[in-house]
Every structure is written in structure tokens, then in C-alpha cells.
Amino acid sequence: QVQLVESGGGLVQAGGSLRLSCAASGSIYTVNAMGWYRQAPGKQRELVAQIISGGSTNYADSVKGRFTISRDNAKNTVNLQMNSLKPEDTAVYYCNGRLKHMVGARWDDYWGQGTQVTVSS
């Protein structure tokens, strides 16, 4: 069993900041990538930011320069610092981990339960 638990969502005014955190626990052998996705009402889930083991990062164009992803490989945690938030950032944010739960297993994607981020104008 693998669990991803998120924290840090909430309500903030436009221009404000929030920090999301996610911790992966359970039967984990190795983690390849951790990241954050978001889904707004009526829209598809989209990648926000991802960090690969080794430290390379990917960001959605809409958040570049405003959001920063970081990861603690030893603790299997990932954080998303969100600055200069805009109303269009409002969504449910999901933590994602691509990992193997044992030696020889395939890479699988695991998801957190989601945390609401609401940015008021």
C-alpha cells in the first residue's frame, strides 16, 4: 500500500501565496518523479509542476516564474510554493508520485486525495 497525503490548500486573495506539501508513505522501493496536477471545474486535469529524481523540473507555462517545486528524496516529500496567485489558479490540486513499490515492479502512478486552492479576485 502506498499513500500520498497532501496539505496546505485554502483560500487566498489574488497576489497572495500558498504552499502545498505532499508526503508519500507505505511500501515504496524507489520514486522516479513527484509532481502536482490540478483540475478546475469543467476542465481536464493538467500538469502544474513535476520534479524528477536528480532534480530536473517541468512547469506548465501558466505557472512559470510564479510556482516553485521542491522535493526531499530521503523523506519522499514534495512541496509546491505558489506565489502571485491568480483567480485562474483556482482548482483542486493533486499530488502525484511515480514509483515502484518493490524491486522488479513496474512504475506506477499514485495520487493524493486532492486539496482545494481558491484564489479570490
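I searched the whole structure for disulfides (cysteine sulfur pairs within 2.5 Å) and got one. This is a predicted model, where local features need pLDDT of at least 70, side-chain atom pairs count only at pLDDT 80 or more, and totals for chains, interfaces and linings use all residues. Residues are numbered from 1 along each chain as its sequence is written, and side-chain values use heavy atoms, with hydrogens and water left out.

The pair is Cys 22 and Cys 95, with sulfurs 2.1 Å apart. Cys 22 sits in strand S3 (residues 18–26) and Cys 95 in strand S9 (residues 91–100), 73 residues apart. Strands here are DSSP runs (E, at least two residues), numbered from the N terminus. The S-S torsion is about -80 degrees, so I noted the disulfide as left-handed.

Next I checked burial (buried is under 20% relative accessible area, 1.4 Å probe, protein chains only). Cys 22 is buried at 2%, and Cys 95 at 0%.

Last, Arg 38, which lies in strand S4. Arg 38 is buried too, at 6%. I found side-chain polar contacts (N or O pairs within 3.5 Å, one able to donate a hydrogen and the other to accept it) from Arg 38 to Glu 46 at 2.7 Å and to Tyr 93 at 2.9 Å.

Conventions
Helix = DSSP H or I, 4+ residues; strand = E, 2+ residues; numbered from the N terminus. Buried < 20%, exposed > 50% of the residue type's maximum accessible area, 1.4 Å probe, protein only.
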